[in-house]
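I kept short notes as I went.

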Amino acid sequence: MRRFLVLLLVLQACGVGPARARDQPLELIVSDPYIEMHSGPGRGYPVVYVVGRDESVVVLYSRTDWYRVRAPRGEEGWVRRSDLARTKLASGEPAPIPPYPDFATHRWEFGAGYGVYNRSNLVTSWIDFALTNSLDVEGVLQESFGTLDNRTIATIGLRHTFVPEWKWFSPTAGIGTGYQRLIEVVPPAPLEKSNEMMYASLGARGFINQKFMWRFDWRPYIVFNKLNKNEELEEWKFGLAVFF
Amino acid sequence: MEIRPGSILLVSLLLSGCSWFHRGDKGPPPVVAESSQDEPPIVQPQVTRREVKTPHIKAKDFELGAYYGALSIEDFGTNPLYGASVAYHVTEDVFLQGNVARSKAGKSSLEEVFPQITVVGESGRQFTYYDADVGYNFLPGEVFLGKGRAYNTALYATVGMGAVKFAETDHFALNFGVGTRILVTDWLSMHLDVRDHIFESDLFGVTKNTHNVEAALGLSVFF
């Protein structure tokens, strides 16, 4: 219990928690005949209050596609994003509801998924930073679970998206370098505890909705070892990602 | 190809002709503004531009929490478990979640009956897992406390994978879970989760899928 209290205190100190009073509120004027305020941020929650045309609402914060607003008499509730987007600022300009991150030009991407690396199960996670619309820097951290050894793999590379404006499916290709660490599961111990690697990749990505995407990747690796012949491995993986 | 002196002459003539055409293009003559130099304008604009800064709407889609409960490690008894979780709510239905937790295995029945046998050494009794899950709020709703209070809730299912470190080996693990979330306030929520972590183990000589069920109570904040 004490851990929870400490965590709460720390979070409060970091500014997590109830909305602060010092934040300047965003006030919007209803221009539809009325907008509905729901008791929760979901389509099924009942409508608990209605704000009429030319009345104002104060926007407090958002959660997924819902906005917590305060009516003039102090009632609070959740308004659907599409309803709030039709309100106006006091100056008459449209409400500054931030647009969805554009699928073709988003900057950051975070994802995780499942794969097979060297014929063993693989848990993977990645961070992508877009340098241009079609060129990304991709950092991957993953762990494979084999019968003889477990491997922790970290790679960094560049990836090109061939037609970034194709929303549902766009092929990708990339190259990069990486590092793997081996931990034995069954003796004998691996000859080398760690290796440097190089890879090429072919894949595809597509957008499921405004915040969500999938990615598939196939990679041949060349593992540099001290033997006469470099080890060649293969990997494929599939995952889901969010982008900002 | 042979280059004849005639064609060189022709090309040089053409080039010089082009430059000749451009000789007069020295740009437009400078416009001399006469009125603004001496006389002040009749109407002096007195507008001070106001910087309109639209307030930023804070998105509270992330959830950070801690949980405490019991983990039943197959063949090794039920033991306390504590962990931390982070979630990102993508839509009102779907969320992504990551968990890290730790427990410590007790003695297996074999070790209880035959105390001289050690299946797992003392350092290998730590049971640590991490996982990445997708969750779906399949029964959102409200619960009522008395007459005047309603709290938003959701019953959700999660599926994911990750790794379990037990007996000093990392195992690939799948997990399936069901949980309920009650929002005490809009930023503070209580969770009750039941999750099964499944991984392959051959500690007792036979390779089998072990089911390790956890039940945990958690508290988390939205930010």
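**Entry 1: chain A as a whole.** I am working from a predicted model. I looked up the make-up of chain A and found two helices and 14 strands. I then checked its spread. The radius of gyration is 25 Å, whereas the globule rule gives 18 Å for 244 residues, so chain A is more spread out than a compact globule. I also noted the spans of the C-alpha trace along the principal axes of chain A: about 80 × 50 × 30 Å. Buried residues account for 31% of the 244 in this chain. I looked at contacts in chain A between residues at least 6 apart in sequence; 46% of these join residues at least 24 apart.

**Entry 2: the barrel of chain A.** Which strands close the barrel in chain A? I traced eight of them, in the order 7-8-9-10-11-12-13-14, with antiparallel pairing. Neighbouring strands in this sheet are turned by 25° against each other on average, direction ignored. Strand 9 (residues 135-145) and strand 10 (residues 149-161) of chain A are joined by 11 antiparallel bridges. In strand 10 of chain A, I153(A) stands opposite Q142(A).

**Entry 3: strand 4 of chain A.** I followed strand 4 (residues 56-63) of chain A to its partners. With strand 1 (residues 26-29) of chain A, strand 4 makes four antiparallel bridges. There I29(A) has S56(A) as its bridge partner. With strand 5 (residues 66-70) of chain A, strand 4 makes five bridges, again antiparallel. Strands 4 and 5 of chain A form a hairpin with two residues between them. I checked the turn: T64(A) has a positive phi of about 45°.

**Entry 4: across to chain B.** In which sense does strand 4 of chain A pair with strand 1 of chain B? I found it parallel, over two bridges, with strand 1 of chain B covering residues 58-59. Y61(A) stands opposite K58(B) in strand 1 of chain B, and opposite R68(A) in strand 5 of chain A.

**Entry 5: the barrel of chain B.** I traced eight strands here, closing in the order 2-3-4-5-6-7-8-9 with antiparallel pairing. Neighbours in this sheet are turned by 25° on average, direction ignored. Strand 5 (residues 126-145) and strand 6 (residues 149-166) of chain B pair over 17 antiparallel bridges. I noted A132(B) opposite M161(B) in strand 6 of chain B.

Definitions and conventions: Residues numbered from 1 in each chain as written. Chains lettered and ligands numbered in written order. Predicted model: local features only at pLDDT ≥ 70, side-chain atom pairs only at ≥ 80, totals over all residues. Pairing = 2+ DSSP bridges. Axes fitted to C-alpha atoms, helices over the stretch in contact; angles between N-to-C directions. Rg over C-alpha atoms; globule rule 2.2 N^0.38 Å. Buried ≥ 20, exposed ≤ 12 C-beta atoms within 10 Å, placed from the backbone. Contact = placed C-beta atoms within 7 Å.
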